[in-house]
Every structure is written in structure tokens, then in C-alpha cells.
Amino acid sequence: MEKETLIQNVTIYDGTGGRPFHGDVLIGGGKIQRVARFLPKMDCPVVDGTDKILTPGFINCHSHSELQPFLDKEMKQVVGQGITTEVVGQDGLSVAPIDDAHAAELTETMICLCGKMDQDFWWRGHKEYMDLLEQINPACRFVGLLGSGTIRMNVMGSENRPATPAEIQKMCDLIETCMMEGARGLSFGLIYPPSSYASTEEMIQVCKAVAKHDGIVMVHTRNEMDLLLESFEEMVRVMKESGVRLEISHLKSLGPNNWGKVLKILERMEELQQEGWDIGFDQYPWNAGSTGLRVTVPGWAYAGGEDAFEARLRDPETYAKVAAETAEILRERGGGARIQVAAVPESTEDFSWMPGLRMDAVAERLGMDEVTAILYVLSKTRSTVLCVYHSISEDDVQAVMRSPYQVVCTDGIVGSVPHPRAYSTYPRFLGHYVRDLGIMPLEAAIHHITGEPARRLRLWDRGLVREGLSADLVLLDYNRVIDTNSYVDPIQFPAGIEKVWVKGVLRYEESR
């Protein structure tokens with residue numbers, strides 16, 4: 001049994017959204033042992049919480065940390081911002097389950113979302129992957145979703161066609177097996193092949209398998225630009241016809257032409273809540289997103305995988321069709337000036353000069369127009385380039401954040417010049433938006449990052465400061481908490497997150 005720790009004289013925000021209270025907390029054996037005033041000093045480490053706040057550990061509803069424990073189990077960019085639980089398997093792509101025939105393809109497909117290993121994925125089942133993480137004992141805890149694209153890949157590879165009834169049944173069977181192994185639900189990434197190849201009817205059927213186990217479905221909708229509202233309504237139909245609980249991933253409107261549309265979704269979500277549907281969303285507190293450069297290309301171009309994509313680019317007629325549709329997607333996203341290269345994991349040419357530059361500058365250096373440059377870079381990098389997309393309205397960010405159905409996520413992807421959210425999402429939310437701008441009361445904000453995500457994921461052992469629950473705790477200085485990084489200098493740790501315990505073990509301590 002780990003030695004106990006006593007945190008004294010601290011202001012406790014317990015994760016319920018209720019009023020804070022003053023007291024002491026004793027932790028030991030991985031759990032919260034006592035919560036009371038004036039606990040006696042014991043023969044154990046004592047932490048002075050005077051003028052500090054103690055909260056449950058933050059639960060990150062959308063991350064891409066699948067491979068980080070194998071690369072760096074300390075994961076300071078995660079626990080250093082107060083995160084004690086990472087939800088992986090987002091955007092329709094999970095690292096498990098996978099079979100022998102598709103392991104190499106999945107490994108390559110996921111490079112732009114979660115990084116590159118020096119070998120193909122060596123696990124197969126969901127439980128096998130989660131057990132490997134437990135053996136590594138990373139700094140934070142992990143819970144997993146099943147990527148719909150990964151499930152589809154197991155059954156029918158990366159084929160862009162409707163699934164047959166027999167194939168859908170195989171997907172459902174695989175989902176149910178993994179749910180019984182502890183998966184918390186399913187994710188869709190409807191701009192990422194092969195998840196994007198699923199029809200609405202296919203999604204309804206596989207979501208029924210999730211609903212049977214009270215799982216949640218988290219979805220990157222089919223379009224966050226011109227068809228934002230229609231894409232949202234597609235998922236409303238899926239929710240209603242399958243009975244599944246639904247969370248919209250990183251709710252936003254992309255591109256200046258679409259700013260403000262997200263307000264209509266907030267109104268619609270309120271209606272659905274009043275009807276009794278369990279629907280919400282997550283959000284990162286930034287006016288830029290991050291994902292692979294490949295999302296600027298129509299999804300059909302990747303049917304069959306990377307080799308098939310490159311073959312299409314070599315055919316003049318198909319290239320022209322890909323280029324025309326890429327130009328339209330680029331227009332909707334606001335053009336190359338809004339796309340900043342974050343990382344180039346692999347390439348057949350020296351593109352080491354690209355990270356940090358916008359795509360208009362990349363195109364100029366290559367002597368090409370923006371569309372030609374994008375397709376050229378993708379063809380030379382196996383489509384592994386990671387970018388930051390400066391395409392979101394700050395007014396939208398704040399309006400979305402004020403909704404009672406919001407929870408916070410990082411959507412963080414680590415790269416050579418990553419989005420700053422990978423290091424400081426929660427300090428930015430608490431410091432800039434809650435403390436400085438007064439977006440919501442602090443007790444509500446803590447609920448949005450602890451108790452509410454725990455409820456959605458059915459993580460009944462954490463998310464609250466309660467005796468008997470897991471000692472996942474954050475001690476912070478609310479007067480100092482803030483992000484210290486930027487888009488041009490993102491690899492900086494935040495201020496004000498003083499200590500982080502995960503299952504009672506001190507996993508992070510701020511250097512001052």
C-alpha cells in the first residue's frame with residue numbers, strides 16, 4: 001500500500017458543480033481516504049494547500065495519446081496540464097482491435113494522428129492493447145473508444161463501398177466483444193477514410209451494438225464547413241434510430257463563410273436535451289484546429305489506402321478531379337494562408353524546412369500553386385503531414401464554451417511544432433476563459449472537466465472528490481494558472497498546475 005499523503009487547508013472544488021468548501025484530504029492506497037476539516041497530522045507527507053484549489057483530475061475526452069506511453073511514459077505534456085485520464089480511439093481510428101492482414105495499413109494510417117513507431121502495431125485485441133498500457137504504467141490513466149474506421153478495416157479493409165448485411169453483423173460482433181473487454185464506446189471520423197465511407201444506415205446499425213452496452217458515440221461529423229448543419233442532423237438521426245448516447249467532437253464552424261452557424265447547433269441541442277436525449281459535445285479552447293494535411297483532399301481519393309491514392313495522382317484525369325475537389329475544400333477552409341505545417345513525420349524529400357510555415361509560403365517556395373503543392377507534399381510524405389488550421393471564430397469559441405453541454409478536450413497531437421493545445425488546454429480554459437473573461441463560474445468549469453466527462457464515460461470511480469474514489473487529484477494556484485505557449489512556440493509547460501496525483505501517486509510537480 002502506497003504511503004498516505006495529507007493535503008491540508010485547501011479549497012475543494014469537488015467536481016459536482018456545487019459550491020466549494022474548505023478542508024483537508026487524506027489519500028492512500030490509490031484512493032481518497034478522508035475528506036474533512038481539521039484532519040490530524042500523520043506520519044506521512046503533508047501538503048500545505050493554503051490559498052490553493054484542489055480538484056478531481058481532469059478527464060480529457062478527446063486525445064491522440066495512443067502511442068505516447070511507448071515513447072515517453074512520463075507524459076508531462078499531459079499530466080502537466082492536470083489531465084489524469086486520456087480518452088483514446090477518437091476520429092474513427094483506434095489502434096485496436098486489428099488483425100494481421102491490416103496491422104501495417106492501420107499503423108501507417110494513424111501516423112498523422114498519433115505519431116510513428118519503429119514497427120507495426122504488435123497487439124491485436126482491445127484488451128491486449130489496454131493491458132500493455134497497464135504494464136507500462138504511464139503517468140496518466142487511459143480509457144479507450146473503438147474507431148469505426150478501424151472496426152471497418154478489420155472486416156472490409158479500406159474499400160469505399162456500402163457494407164453488406166453480413167459485414168455489418170461482423171462489425172457489430174467485434175464491437176460487442178470489445179465493449180465487454182472494457183471499451184467505452186465508438187468513435188466516427190467522418191472526414192477520415194475508411195470511417196468516412198460508412199453510410200448513415202451503417203452507422204445506425206453499429207451504434208445499436210454500442211447502445212446495448214450503454215456506450216457512448218463520439219463523432220467528428222462529416223462536414224464542419226458548408227454542410228455543418230446537415231452533418232449534425234445526420235448524427236441526430238443516428239442517435240434517435242439507434243438509441244445511443246452522443247457526443248459531438250470539438251464542436252465548431254470552420255472557415256469565415258461558416259462562422260456563426262454553430263449557434264444554430266447549440267439551439268438544436270437544447271431542443272434535443274429537452275426531449276430527453278443524452279447529447280453533448282467537447283471543445284478545445286482555441287481558434288485553430290489541428291489534423292493531417294490529407295483532410296484537404298476528398299476522402300474517396302484514399303479508397304484502398306495510401307498506395308491507391310498515389311496511383312490516382314499519377315493518372316492525369318483522376319488527378320484533375322482530385323485537384324478540383326481539393327481546391328473547393330481548401331476554399332472552404334479559408335485557403336493556404338490558414339494552414340500551418342506542424343510536423344512532417346516521414347518524406348522522400350527534405351521537407352525539414354516546412355514545420356512552422358503556412359501552406360501559401362510552402363507553395364511559393366516550391367514554385368507551385370497551393371493545390372499542386374498540397375498534392376505534391378502528400379505524395380512525397382505518405383500523407384503523414386500534420387497541420388494547424390487557423391479557421392475558427394473566437395466569438396464562436398466563446399459562445400460554444402458557455403453551453404451547459406460543453407466539456408473540454410485537447411485533441412492534442414504531439415509533433416515538432418504541435419498545436420499548443422497538446423501542452424496547455426486546461427490551464428488556458430481555466431486561466432484565460434474562466435478567470436480572466438468570466439465565461440462561467442469556476443465551480444461549473446471544474447464540473448465540465450471532471451464530473452461531467454466521468455458521467456458520460458461511465459467512469460464511476462473518478463471525477464469527484466469523494467471518499468472511496470480514485471485519488472486522481474490536481475492542486476492548482478488559480479491566481480497563476482495560465483497557458484504560457486503559443487502557435488510559434490508551443491512546447492512550453494503551463495503555469496499554476498502545482499501537483500497532480502494519479503491513483504494516489506504524485507505524477508507531476510511544477511518547477512518554479
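Two strands are said to pair if DSSP finds at least two bridges between them, and the helices (H or I, at least four residues) and strands (E, at least two) are DSSP runs that are numbered from the N terminus. The model shown is predicted, so that local features need pLDDT of at least 70 and side-chain atom pairs count only at pLDDT 80 or more, whereas totals for chains, interfaces and linings use all residues. Residues are numbered from 1 along each chain as its sequence is written, and side-chain values use heavy atoms, with hydrogens and water left out.

**View 1. An open sheet of six strands with parallel pairing.** The strands follow one another in the order β9-β10-β11-β12-β13-β17. At the edges lie β9 (146-147) and β17 (406-408), each of which pairs on one side only. Helix α15, made of residues 394-401, packs on this sheet, where it touches β13 (279-283) and β17; a contact here means heavy atoms within 4.5 Å. The direction of α15 makes about 135° with that of β13, where axes are lines fitted to C-alpha atoms, for helices over the stretch in contact, and angles run from 0 to 180 degrees between N-to-C directions. Further along the order, β11 (residues 216-220) pairs with β12 in the parallel sense over four bridges, and Met218 stands opposite Glu247 in β12.

View 2. How many of the five residues of β10 are buried? Five of the five are, so β10 is largely enclosed by the rest of the structure; buried means under 20% relative accessible area, exposed means over 50%, and partly exposed lies in between (1.4 Å probe, protein chains only). Both faces of the strand are covered, with Gly185, Ser187 and Gly189 buried on one side and Leu186 and Phe188 buried on the other. β10 pairs with β9 in the parallel sense over two bridges, and here Leu146 stands opposite Leu186. β10 is also joined by five bridges to β11, which runs parallel to it, and the bridge partner of Phe188 in β11 is Val219.

**View 3. Helix α9 (residues 228-242) and what covers it.** The expected span of a helix is 1.5 Å times one less than its number of residues. For the 15 residues of α9 this gives 21 Å, and because the end C-alpha atoms of the helix are 21 Å apart, the two values agree. The buried residues of α9 are Leu228, Ser231, Phe232, Glu234, Met235, Val236, Val238, Met239 and Ser242. What covers them includes the strands β10, β11, β12 and β13 as well as the helices α8 and α10. After the helix comes Gly243, whose phi is positive, near 80°.

**View 4. The packing of helices α13 and α14.** Helix α13 (residues 359-366) packs against helix α14 (residues 370-380) at an angle of about 85°, and their axes are 9 Å apart. That makes α13 roughly perpendicular to α14, since angles under 35 degrees count as roughly parallel, over 145 as roughly antiparallel, 65 to 115 as roughly perpendicular and the rest as oblique. From α13, the residues Met359, Asp360, Val362, Ala363 and Leu366 meet Glu370, Ala373, Ile374, Tyr376 and Val377 in α14. By class, this contact has eight nonpolar, no polar and two charged residues, where Ala, Val, Leu, Ile, Met, Phe, Trp, Tyr, Cys and Pro count as nonpolar, Asp, Glu, Lys and Arg as charged, and the others, Gly among them, as polar.

**View 5. Backbone details in the loops.** The peptide bond from Ala96 to Pro97 is cis, with omega near 0°, and Pro97 is found in the loop between β7 (83-88) and α3 (103-109). In the loop between β7 and α3 lies also Asp91, which has a positive phi of about 60° although it is not a glycine; at 1% relative accessibility, Asp91 counts as buried. Another cis peptide bond, with omega about 0°, joins Pro193 and Pro194, and Pro194 is placed in the loop between β10 (185-189) and α8 (200-211). His250 is not a glycine either, yet its phi is positive, about 35°. His250 belongs to the loop between β12 (245-248) and α10 (262-274) and is buried, with a relative accessible area of 2%.
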